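Colleague: I have a new model open and would like to learn how to read it. Could you take me through a few features, step by step?

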Amino acid sequence: MSSCHVLVVEDEQTIAQNVVEFLEAEGCTVDIAYDGKAALVRLGQQTYDVLVLDLGLPRLDGQQVLQHLRHQLQLDLPVLVLTARDALSSKKACFDAGADDYLVKPFSLAELALRVRALHRRATVAMPGGPLRAGPLRLDLRTQQAFVGERLVHLSPRCLQILEALMRDPGRLVSRAQLEQALWPDGPPDSDALRSQIHLLRRALAQEGFNGVETRHGLGWRLQAADDV
Ligand code: CA
């Protein structure tokens, strides 16, 4: 489960510690939060691939964390909820609030790891019509919204087209001719039009902290792949 960054939110320290050790042994990078407020702080600062969320938590319970996560922070990372056996009604409320899976306590660590792995795999396989992803970038083709981490980047339709072309295959060079053809099927208005659009795209992405649009002079542009940023 390489490059899977997990946040574990669990107030029972022994359980939290066991989960962390097990997931780390599986190759995950893991952070812990011991209450709901601390979890939201972490989620606002850092990009995670999967959230493991206990329901009964001090200072905001799991359900409130979920609601905040989906509505205020607008995060779509997969969430695995940990719940007590008798809490069927809160389980339903959690799915309503946007949980992806749940485990009933006491659970086996191996099963938890399997579920985290499955959630991560599902989220990283590009679904048709689902968002494109490259490193910290995410482009939702349905809503035409681009994000660096969780920050929305304001882009013109042409800049979005360029970003889409680059994100279709991160790391691959996209030539000037390919981009001009995509943006202006009848030919660009002038020879600098594409360069100005790339400049606007770079500037908007840089404002949100992304500087990975690389120029290969005379060849084209590419997005630095996640492993060489
Ligand atoms: Ca608890």
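Modeller: Happy to! Let's begin with a cut-off: a residue is called buried under 20% relative accessible area, exposed over 50%, and partly exposed in between. Keep in mind that this is a predicted model.

Colleague: Let me try that on Asp11. Is Asp11 buried, exposed or partly exposed?

Modeller: Asp11 has a relative accessible area of 29%, so it is partly exposed. Gly56, at 46%, is partly exposed too.

Colleague: Which residues coordinate the calcium ion?

Modeller: Asp11 and Asp54 each coordinate through OD, and Gly56 through O, at 2.2 to 2.4 Å. Along the sequence, these donors follow the spacing D-x42-D-x1-G. Asp11 sits in the loop between β1 (5–9) and α1 (13–25), and Gly56 in the loop between β3 (50–54) and α3 (62–71), so the pair ties together parts that are 45 residues apart in sequence.

Colleague: Now the helices. What describes two packed helices?

Modeller: For α2 (residues 36–45) and α3, the angle is about 20 degrees and the axes are 9 Å apart. Angles under 35 degrees count as roughly parallel, and therefore α2 and α3 are roughly parallel to each other. Their crossing is right-handed. On the α2 side the contact is made by Gly36, Leu40 and Leu43, and on the α3 side by Val65, His68 and Leu69. Sorted by class, that contact has four nonpolar, two polar and no charged residues.

Colleague: Let me pick Leu43 from α2. Is Leu43 buried or exposed?

Modeller: Leu43 is buried, because its relative accessible area is 2%. Beyond its neighbours within four places in sequence, Leu43 is in contact with Leu7, Tyr48, Leu51, Leu69, Leu73, Leu75 and Leu77. Take Leu7: Leu43 and Leu7 are 36 residues apart in sequence, yet 8.2 Å apart in space, C-alpha to C-alpha.

Colleague: One more pair, please. At what angle do α6 and α8 pack?

Modeller: Helix α6 (residues 157–167) and helix α8 (residues 193–207) pack at about 80 degrees, with their axes 9 Å apart. That makes α6 roughly perpendicular to α8.

Colleague: And which residues meet there?

Modeller: From α6 come Arg158, Cys159, Ile162, Leu163 and Leu166; they meet Leu194, Gln197, Ile198, Leu200, Leu201 and Leu205 of α8. By class, the contact of α6 with α8 has nine nonpolar residues, one polar and one charged.

Terms used:
Residues numbered from 1 in each chain as written. Predicted model: local features only at pLDDT ≥ 70, side-chain atom pairs only at ≥ 80, totals over all residues. Heavy atoms only, no water. Donors = N, O, S within 2.8 Å, 3.2 Å for Na, K, Ca; no water. Helix = DSSP H or I, 4+ residues; strand = E, 2+ residues; numbered from the N terminus. Buried < 20%, exposed > 50% of the residue type's maximum accessible area, 1.4 Å probe, protein only. Axes fitted to C-alpha atoms, helices over the stretch in contact; angles between N-to-C directions. Parallel < 35°, antiparallel > 145°, perpendicular 65-115°, else oblique. Left-handed = near helix turned anticlockwise from the far one by under 90°. Contact = heavy atoms within 4.5 Å. Nonpolar A, V, L, I, M, F, W, Y, C, P; charged D, E, K, R; others polar.
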